[in-house]
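Hello,

Here is the structure I promised to pass on. My notes on two parts of it follow below.

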Amino acid sequence: MNQNNFNKLISRQNTYSAKWCNSNANIIPLSVADMDISAPDFIINKLSQFNLTGIYGYTDLSSDWNNVAVNWFKSQYAWHVTPESVVFCPRIIQAVSLYIQNFTQIGDKVTTLSPAYHPISNTVCVNHRQLLESPLIYHNGCYEIDFDDLEDKFKQSVCFILLSPHNPTGTVWQQADLLKIAKLAEKYKVFIISDDVHADFVFDNAIYRPISTLSSYVEQHSFICTSPAKTFNLAGLEIANIVIANPEYREKFKQCLIAAGIHNPGYFSVPAFLQAYTLQGQQWIKELKHYLAENRQCRRYS
């Protein structure tokens with residue numbers, strides 16, 4: 001039985017919330033992707049322990065950080081990666097931007113599927129690369145990829161930014177779709193950045209698969225971007241892990257982080273992450289998804 005009070009109303013006014021504090025109080029904002037459900041109690045309680053000293057100093061990643069991430073990927077997604085492949089970066093959008101700035105050239109073409117999460121597309125443009133959008137096809141209540149159009153875009157591009165599951169449509173890409181993308185990437189030597197932040201929100205017997213698990217080329221020519229931010233409503237704590245299997249790309253990206261002045265995590269980031277990626281976290285997600293699935297049924301039949 002669900003022991004979490006997901007229906008509890010929580011006012012976020014006067015909290016500097018990007019979602020609520022700049023909105024009309026009579027309008028429910030749907031533009032910012034965080035839930036109005038609190039983080040689980042076991043995370044909140046852990047963070048309260050780190051609030052006792054009143055000293056909010058610099059922090060380092062825990063010695064077991066990478067192993068905790070690897071174990072989560074294995075248990076949740078049947079995804080096997082090596083600990084050294086995991087690189088901490090506060091935000092996925094930072095990782096995308098650093099890749100574009102340091103691994104591509106001004107004027108290079110970068111492809112996305114559209115519609116797409118706006119900050120991702122905007123990152124391409126503000127870094128003076130050319131954005132190529134391959135429109136999704138809406139057919140029988142589902143979004144599909146126009147692979148003829150996508151191939152035309154790949155012929156021109158150095159990089160493809162995948163959202164998996166897709167944002168904003170919520171599409172969980174089938175294995176056949178991911179394999180086609182992987183084959184196109186290998187054919188035209190396109191690098192893939194995959195934003196997989198919504199990997200835990202998969203419903204209706206769909207299966208999330210990291211695209212790097214389906215192709216040795218993609219495994220060695222990709223950044224797979226993960227985070228507990230959306231799952232546990234921790235976006236403000238800025239926690240993300242970028243899986244980079246290729247050691248050359250990985251070391252270059254680490255140097256890019258240093259050059260950008262990105263090093264220590266936020267004070268609450270480490271305890272929040274270590275608590276989230278536990279058996280308690282797995283159970284909490286199950287209960288949350290059951291609750292959300294019921295809400296989805298209300299939406300469908302209302």
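**Helix 2 against helix 9**

The axes of helix 2 (residues 65-77) and helix 9 (residues 269-276) come within 10 Å and cross at roughly 35°. Axes are lines fitted to C-alpha atoms, for helices over the stretch in contact, with angles from 0 to 180 degrees between N-to-C directions. This is a predicted model: local features need pLDDT of at least 70, side-chain atom pairs pLDDT 80 or more, while totals for chains, interfaces and linings use all residues. Residues are numbered from 1 along each chain as its sequence is written, and side-chain values use heavy atoms, without hydrogens or water. Helices are DSSP runs of H or I, at least four residues, and strands are runs of E, at least two, numbered from the N terminus.

From helix 2, Trp65, Val68, Ala69 and Trp72 meet Ser269, Val270, Phe273, Leu274 and Ala276 of helix 9 (contact: heavy atoms within 4.5 Å).

**Helix 8**

Helix 8 covers residues 247-259. Arg250, Phe253, Cys256 and Leu257 are buried there (under 20% relative accessible area; exposed is over 50%, partly exposed in between; 1.4 Å probe, protein chains only). Seen down the axis of helix 8, the buried residues fall within an arc of 120°, so they line one face (the arc is that of the directions from the helix axis to the C-beta atoms). They pack against strand 1 (86-89), helix 3 (92-103), strand 8 (222-226) and strand 9 (240-243). Glu248, Ile258 and Ala259 are exposed on the face turned away from the buried side.

After helix 8 comes Gly261, with a positive phi near 80°.

Best wishes

Key:
Expected span 1.5 Å × (residues − 1).
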